Amino acid sequence: MFNYEKLNALINEKGIKKTALAEKIGKNQSIFTDWKKGKSEPKEEYIEIIASLLDTTVAYLTDQTDQKEKPTTELSGERLENFNLFVRKLKEHGLDLDTASEQDIDCWINIISSAKSVFDK
């Protein structure tokens, strides 16, 4: 379910005008009042656009998570080392990044991180 309070807090936090957001989804600013009062719910496509503009996720705006920021995909430090290890392991098994989905890659990086921390003890 859409959470207007989270949306409003993000709008205020980022200093974005509701008129600008409304324009991006092709609606009048009064749509926010309707959402606030529960007269209507935003379409999923509107939530996706707004989430992108506010640098958050649909899951956050629909109360599926409390993580406000988008998950990072930046590779640096230990995460980069784990990624490189993953790529080497793929190659050892005759695979490459083209055959692995982004979710698979992220999953394996997390597994490798966990395994390294266990073996480093």
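**Exercise 1. Characterise the cluster into which ring pairs link Phe2, Phe32 and Trp35.**

*Solution.* The model is predicted: local features require pLDDT of at least 70 and side-chain atom pairs count only at pLDDT 80 or more, whereas totals for chains, interfaces and linings use all residues. Residues are numbered from 1 along each chain as its sequence is written, and side-chain values use heavy atoms, with hydrogens and water left out.

Step 1. Apply the ring criterion: rings of Phe, Tyr and Trp (its six-membered ring) pair if their centres lie within 6.5 Å, with planes under 30 degrees apart counted as stacked, over 60 as edge-to-face and the rest as tilted. The count comes to 2 aromatic pairs.

Step 2. Classify the pair of Phe2 and Trp35. The ring centres are 5.6 Å apart and the planes stand at 70°, so this pair is edge-to-face. The pair links distant parts of the chain, with Phe2 in the segment before α1 and Trp35 in helix α3, 33 residues apart. Helices here are DSSP runs (H or I, at least four residues), numbered from the N terminus.

Step 3. Classify the pair of Phe32 and Trp35. This aromatic pair is also edge-to-face, at 5.3 Å centre to centre and 75° between the planes. Because Phe32 and Trp35 are 3 residues apart in helix α3, about one helical turn separates them.

Step 4. Assign burial (buried: under 20% relative accessible area; exposed: over 50%; partly exposed: in between; 1.4 Å probe, protein chains only). Phe2 counts as buried at 10%, Trp35 is buried at 5%, and Phe32 is buried at 2%.

**Exercise 2. Determine which residues of helix α3 (residues 30-37) are buried and what they pack against.**

*Solution.* Step 1. The buried residues of α3 are Ile31, Phe32 and Trp35. Viewed down the helix axis, they fall within an arc of 100°, so they line one face of α3; the arc is that of the directions from the axis to the C-beta atoms.

Step 1. On the other side of α3, Lys36 and Lys37 are exposed.

Step 2. With contact defined as heavy atoms within 4.5 Å, the buried residues pack against α1 (4-14), α2 (18-24) and α4 (44-53). Just after α3, Gly38 adopts a positive phi of about 80°.

**Exercise 3. Identify the salt bridges that Lys6 forms with Asp63 and Asp66, and place their partners in the chain.**

*Solution.* Step 1. A salt bridge requires a side-chain nitrogen of Lys or Arg within 4 Å of a carboxyl oxygen of Asp or Glu; the count comes to 3.

Step 1. Between Lys6 and Asp63, the closest N and O atoms are 2.8 Å apart. Lys6 lies in helix α1 and Asp63 in the loop between α5 (58-61) and α6 (77-92), 57 residues apart.

Step 2. Asp66 and Lys6 meet in a salt bridge at 3.3 Å, N to O. Asp66 also lies in the loop between α5 and α6, so this pair ties together parts 60 residues apart in sequence.

Step 3. Compare accessibility: Lys6 counts as buried at 11%, Asp63 is partly exposed at 44%, and Asp66 is exposed at 69%.

Methods:
Helices (H or I, at least four residues) and strands (E, at least two) are DSSP runs, numbered from the N terminus.
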